[in-house]
Amino acid sequence: MWLRSGCPLVASRDEHGRGQETRKSCAILQTAINCAPMPELDPDIQVKFAIYEITAETGSVPNSSQVARKINIEENEVLAAFRRLHAKRLLLPEPSDPHRIRMAPPFSGVPTKFPVEANGKHYYANCVWDAYGIAAALHCDVISRASDGYTGEPLTLEAKNGEPVLKSYVAHFGVPAAHWWDNLIFT
Amino acid sequence: MLLFRSEETVNQWCAAHNVPRRPLVNLAQLWQLAVHWYANRLTVESRRPAPDEMVSIFQSLGLTGPFWDPKSDQWR
């Protein structure tokens, strides 16, 4: 399944177990976006799908009114879903404005030091993990023109054909796993 | 989670910000984390890994100990 129940996942892997899915899946995403809504889906799932559909399509994480228009429900219902999805640790509303989404992991609702180019679109990732996460979520080649956290030197992250382009860079995890969601923006 | 060219710049950043040096993850490990967390994020079945699943994922990548235990209270 891809995005909506009823949309077939037609991607397949090549003889090496990779590649075909990567090359096809961006087209699959577009196909899935065009599929008709499935009213039987749980409201939280509908809201979550709408968030990711709009984000994947536009490069921008939507606000509550955009999500409401997308799936034709009241904005208050969307805001309630935002709160439940936050409780499930699936998104982070903007602390100062619950109508906006700060993080729909791996996507960021605000510009960050981890811009990601994928499928001809521009996204922002929340952190270095999420920069790769956008490649994993969209099943697309990506390039992230990031920088060294101390020196600011440009460092490029890439994923091609479902694999990372490995370099000797490292990620520093400053917060223990038990506390990632205590202050997710800091994490 | 920040990206660094090398362990050296990690140490410089930690010293400059007066924060303890914590675990480093290489890009191969980071990619696997991203795949585990996000490869199905746009599907009906999408969900965040449960705590026990997280521990298994971390262990499979050689990331062990209380730092990587989402239920650990050692760091409180």
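This is a predicted model: local features need pLDDT of at least 70, side-chain atom pairs count only at pLDDT 80 or more; totals for chains, interfaces and linings use all residues.
**Note on the two-chain model**

In β6(A), S144(A) is the bridge partner of V116(A).

1. Residues are numbered from 1 along each chain as its sequence is written, while chains are lettered from A and ligands numbered from 1 in the order in which they are written.

2. **Chain A in outline.** Chain A has five helices and nine strands. Helices (H or I, at least four residues) and strands (E, at least two) are DSSP runs, numbered from the N terminus. Along the sequence the pattern is α-α-α-α-β-β-β-β-β-α-β-β-β-β. Chain A has 187 residues, and 42% of them count as buried. A residue is buried if 20 or more other C-beta atoms lie within 10 Å of its own, exposed if 12 or fewer, and partly exposed in between; the C-beta atoms are placed from the backbone. Take the contacts in chain A between residues at least 6 apart in sequence: 43% join residues at least 24 apart. Two residues are in contact if their C-beta atoms, placed from the backbone, lie within 7 Å.

3. **The sheet.** Five strands of chain A form an open sheet in the order β5-β4-β6-β7-β8, with antiparallel pairing. Two strands pair if DSSP finds at least two bridges between them. Strands of a sheet pair through backbone hydrogen bonds, either parallel or antiparallel. The edge strands are β5 (121-124) and β8 (163-164) of chain A, and each pairs on one side only.

4. **Strand β6(A) and its partners.** Strand β4 (residues 115-118) of chain A is joined to β6(A) by three bridges. On to strand β7 (residues 154-160) of chain A: six bridges join β6(A) to β7(A), and the two run antiparallel. Here V142(A) stands opposite A159(A). Six residues lie between the strands of this hairpin, and G152(A) takes a positive phi near 80°. Next, β7(A) and β8(A) pair in the antiparallel sense over two bridges. In β8(A), P164(A) is the bridge partner of A159(A).

5. **Helix α2(A).** This helix (residues 43-58) has 16 residues. From first C-alpha to last it reaches 22 Å, close to the 22 Å expected at 1.5 Å a residue. The expected span is 1.5 Å times one less than the number of residues. Among the buried residues of α2(A) are F49(A), I51(A) and Y52(A). After α2(A) comes G59(A), with a positive phi near 90°.

6. **α2(A) against α4(A).** The axes of α2(A) and helix α4 (residues 75-87) of chain A come within 9 Å and cross at roughly 90°. That makes α2(A) roughly perpendicular to α4(A). Axes are lines fitted to C-alpha atoms, for helices over the stretch in contact, and angles run from 0 to 180 degrees between N-to-C directions. Angles under 35 degrees count as roughly parallel, over 145 as roughly antiparallel, 65 to 115 as roughly perpendicular and the rest as oblique. P43(A), D44(A), V47(A) and K48(A) in α2(A) meet E77(A), V78(A), A81(A), R84(A) and L85(A) in α4(A). By class, this contact has five nonpolar, no polar and four charged residues. Ala, Val, Leu, Ile, Met, Phe, Trp, Tyr, Cys and Pro count as nonpolar, Asp, Glu, Lys and Arg as charged, and the others, Gly among them, as polar.

7. **Helix α5(A).** Is helix α5 (residues 128-138) of chain A mostly covered or mostly uncovered? It is mostly covered: eleven of its eleven residues are buried. They include W129(A), D130(A) and Y132(A). Just after α5(A), H139(A) takes a positive phi of about 55°.

8. **E94(A).** This residue is found in strand β1 (residues 92-94) of chain A. E94(A) counts as partly exposed because 17 other C-beta atoms lie within 10 Å. Leaving out residues up to four places away in sequence, E94(A) touches R100(A), I101(A), R102(A) and G109(A).

9. **Where the chains meet.** The contact takes 42 residues from chain B and 39 residues from chain A. On the chain B side, α2(B) gives the largest share, nine residues. That side has 28 nonpolar, six polar and eight charged residues. Strand β9 (residues 170-172) of chain A joins β1(B) through three bridges, running antiparallel. There, V170(A) stands opposite F4(B).
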